[in-house]
Amino acid sequence: MLAATCLTLAACSAGDGKRDPQPSPRTALRFGQTAETAGTGGKGTAEITPETVVYVGRAAGGTPERGLFAVVAFQAGNRAEKSVTAPSARVAFRWRTQDGKTLKAGNSEGAGRIDPVGFNDGGGKPVVRADTHQVNTVAFDITSAEKGGTLVYVDGEGVVFRWKVPSTNSGPTANALKSALK
């Protein structure tokens with residue numbers, strides 16, 4: 001049994017004694033945890049951190065077709081000396097429901113028009129300037145039963161990152177985001 005455990009542990013390491021600090025793309029990250037993602041074409045690195053979610057039955061962009069908007073505020077950061085182009089939020093982000101359905105960001109006319117006042121834009125600016133962080137939003141038109149899904153982000157190299165989203169309004173800018181959506 002001890003030999004099997006050691007064999008299993010050895011198979012999990014790269015053999016250099018160092019641990020890769022980036023979680024496996026298949027492992028769901030905590031909401032608010034940062035992922036180091038590749039820019040478009042694998043050029044540059046953008047830090048993506050979904051940090052706030054708000055569920056609303058109406059927003060300045062309109063009324064949801066499916067009953068509810070899930071609006072996620074995320075930070076896009078770049079610590080490098082050069083700008084990085086990340087995939088557009090509407091292309092990169094998905095909402096995976098608990099029953100396995102996948103919805104694209106801006107999946108309805110109303111969700112596609114959400115542009116909260118005080119946030120960089122509704123849909124995410126693809127260019128993240130050098131040494132900056134910006135807060136963007138992405139919106140999904142969901143049913144009430146689809147609250148608390150999984151946020152999925154596909155980076156510029158096709159690597160998939162996932163975050164389990166709380167089923168209630170939460171995050172450091174929840175009140176500001178909710179007010180900005182009116």
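## A conversation about the predicted model

Author: The accessible surface of the protein comes to about 9700 Å², and 52% of that surface belongs to carbon and sulfur atoms. Please keep in mind that this is a predicted model.

Reader: What share of the residues is buried?

Author: Of the 182 residues in the protein, 42% are buried.

Reader: And how many helices and strands are there?

Author: The secondary structure comprises 4 helices and 11 strands.

Reader: Which strands make up the open sheet, and in what order?

Author: The open sheet has 5 strands in the order S1-S11-S10-S6-S7, and their pairing is mixed. Strand S1 (28-29) and strand S7 (102-104) stand at the edges with a single partner strand each, so one side of each has no neighbour in the sheet.

Reader: Let us take S10. Which strands is S10 joined to by bridges?

Author: Strand S6 (residues 93-96) is joined to S10 by 4 bridges, and the two run antiparallel. S10 is also joined to strand S11 (residues 160-164), here by 5 bridges, and this pair runs antiparallel as well.

Reader: Which residues stand opposite each other there?

Author: Trp 95 stands opposite Leu 151 in S10. On the S11 side, Val 152 stands opposite Arg 162.

Reader: Is S10 mostly covered or mostly exposed, and how many of its residues are buried?

Author: Strand S10, which spans residues 150-154, is mostly covered, with 4 of its 5 residues buried.

Reader: What lies between S10 and S11?

Author: The two strands form a hairpin with 5 residues between them, and Gly 158 in this hairpin takes a positive phi near 85°.

Reader: Do S1 and S11 run parallel or antiparallel?

Author: S1 and S11 run parallel, joined by 2 bridges. Ala 28 stands opposite Arg 162 in S11.

Reader: A new topic: how many salt bridges are there?

Author: The count comes to 5 salt bridges. Side chains of opposite charge can pair when their charged atoms come close.

Reader: Which side chain does Arg 79 meet in a salt bridge?

Author: Arg 79 meets the side chain of Glu 36, at 3.8 Å from N to O. Arg 79 lies in the loop between strand S4 (68-78) and strand S5 (84-85), while Glu 36 lies in strand S2 (residues 35-38), so the pair ties together parts that are 43 residues apart in sequence. Arg 79 is exposed, at a relative accessible area of 63%, whereas Glu 36 is partly exposed, at 36%.

Reader: And which side chain does Lys 101 meet?

Author: Lys 101 meets Glu 146 in a salt bridge of 3.2 Å, N to O. Lys 101 is in the loop between S6 and S7 and Glu 146 is in the loop between strand S9 (132-142) and S10, so this pair ties together parts that are 45 residues apart in sequence.

Reader: Why does Glu 146 count as buried?

Author: Glu 146 has a relative accessibility of 4%, and buried means under 20%. Lys 101 is partly exposed, with a relative accessible area of 37%.

Reader: What about Arg 113 and Glu 109? How many residues apart are they?

Author: They are 4 residues apart in helix H3 (residues 109-113), so about one helical turn separates Arg 113 from Glu 109. Their side chains meet in a salt bridge of 3.0 Å, N to O. Arg 113 is partly exposed at 48% relative accessibility, and Glu 109 is exposed, with a relative accessible area of 56%.

Reader: Which ring does Trp 95 pair with?

Author: Trp 95 pairs with Phe 140, in a tilted arrangement at 5.4 Å centre to centre and 45° between the planes. This pair, too, links distant parts of the chain: Trp 95 in strand S6 and Phe 140 in strand S9 are 45 residues apart. Trp 95 and Phe 140 are both buried. Ring pairs link Tyr 55, Trp 95 and Phe 140 into a cluster.

Reader: Where does the charged end of Lys 147 sit?

Author: The charged end of Lys 147 sits over the ring of Tyr 55, 5.1 Å from the ring centre.

Conventions: Residues numbered from 1 in each chain as written. Predicted model: local features only at pLDDT ≥ 70, side-chain atom pairs only at ≥ 80, totals over all residues. Heavy atoms only, no water. Buried < 20%, exposed > 50% of the residue type's maximum accessible area, 1.4 Å probe, protein only. Pairing = 2+ DSSP bridges. Areas by Shrake-Rupley, 256 points an atom, 1.4 Å probe, with all protein chains shown as cover. Salt bridge = Lys/Arg side-chain N within 4 Å of Asp/Glu carboxyl O. Phe/Tyr/Trp six-rings, centres within 6.5 Å; stacked < 30°, edge-to-face > 60°. Lys NZ or Arg CZ within 6 Å of the ring centre and 35° of its normal.
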